[in-house]
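I opened my notebook to get to know a new structure. Come along while I look things up.

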Amino acid sequence: MVKGRLHSIETFGAVDGPGIRTVFFLQGCPARCLYCHNPDSWKIGAGSEVDAATLVKRAKRGIPYYGDDGGVTFSGGEPLLQGEFLIEAIKALKKENINCAIDISGTYYDEFSHEAINQSDLILLDIKHTNPKQFTKITSRSQETLFKIIEDINELGKKVWIRQVIIPGINDNEEYIESLNEFIKQIKNVEKVELLGYHNMAINKYEKLGMDYKLKDVKPMDKAKLDRLNSMVKY
C-alpha cells in the first residue's frame with residue numbers, strides 16, 4: 001500500500017472540474033510559480049500522511065451531490081509528484097464509480113505520470129505560458145514537461161480543460177491570446193478553455209510565512225478586460 005501526503009481537502013468544490021467535486025490537494029510541488037496562492041503546498045514530505053482507503057471514504061460522502069458530472073479532483077501542489085499514490089487512489093475511487101480529474105501544472109513528469117493520466121477521466125491542464133522562456137520565468141521549470149504531458153493526453157485520448165492565468169503586464173493582451181489559440185491546436189479533445197484572472201489575495205499568506213511575494217505590485221486582473229480576452233479564445 002502506497003501512502004500519500006495530503007495538504008488539504010475542499011468539499012463541494014465547483015471550480016475544479018464539472019459538477020460538484022471533492023478536491024484533494026496533494027502536498028509537494030517542484031514549481032515556484034510567481035502567482036502561486038498555496039506556497040505552503042510546495043514542501044515535499046509535509047502535510048498529513050494518508051492512504052487511498054482514507055480518500056475513498058471521504059470522497060464517498062459526496063456521492064449524493066456529484067450527480068452525473070461531479071466527482072473527485074486531485075490538485076496541489078502538483079499531483080503528478082505523487083504519481084504512484086495517485087494511480088492507486090484513482091483506481092480505488094473508480095471501483096466506487098467516482099469520476100476522477102487531475103489538475104496538472106505542466107511542470108513535472110516521471111515514470112508514473114503516463115499511467116496516472118491514463119487512469120484519469122479528465123485532465124485540467126495549466127498552460128502557464130506558451131513561450132518557453134516565459135514559462136520558465138513564471139514557474140522556474142522547463143516547458144519540456146508540459147509537452148510530455150500533452151503527448152500522453154493525445155495518445156490516450158483524454159478529455160482536457162485548459163487553464164490559463166492572465167496576469168497584467170505579462171500576458172493580458174490580444175497577441176498572447178492568439179498565441180494561446182495556436183498552442184491549443186496541438187492538444188486533442190479540448191472541451192473547455194478557462195482564462196483565470198490574476199489576483200493578489202495570497203500576499204498576506206506569504207507575509208505570514210516570511211516569504212517574498214514577487215508580484216505584490218501587480219494589480220488584480222480587470223474583469224471587463226478578462227471577459228474581452230475570453231471572447232477571443234478559440235478551440
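**Entry 1: the whole chain.** I noted at the start that this is a predicted model. I then looked up the secondary structure and found 9 helices and 8 strands in the protein chain. The radius of gyration came out at 17 Å, close to the 18 Å that the globule rule gives for 235 residues, so I wrote down that the chain is as compact as a globular protein of that length. For its extent, I noted that the C-alpha trace spans about 45 × 40 × 35 Å along its principal axes.

Entry 2: How many of the residues count as buried? I found 52% of the 235 residues in that group.

**Entry 3: the largest pocket.** I looked up its volume, which is about 820 Å³. Its lining has 33 residues, and His37, Asp103, Asp126, Arg163 and Leu196 lie nearest the centre. By kind, I listed 14 nonpolar, 10 polar and 9 charged residues in the lining.

**Entry 4: strands in the lining.** Which strand gives the most to this lining? I found that strand 8 does, with 4 residues. Strand 8 covers 190-197, and strand 5 (100-104) and strand 7 (159-166) also each supply at least two residues.

How values were computed
Residues numbered from 1 in each chain as written. Predicted model: local features only at pLDDT ≥ 70, side-chain atom pairs only at ≥ 80, totals over all residues. Heavy atoms only, no water. 1 Å grid on protein atoms, 1.4 Å probe; cavity = no way out; pocket = protein on both sides within 12 Å on 5 of 7 lines; lining within 4 Å. Points joined across faces, edges and corners; volume = space filled by probe spheres on them. Nonpolar A, V, L, I, M, F, W, Y, C, P; charged D, E, K, R; others polar. Rg over C-alpha atoms; globule rule 2.2 N^0.38 Å. Buried < 20%, exposed > 50% of the residue type's maximum accessible area, 1.4 Å probe, protein only.
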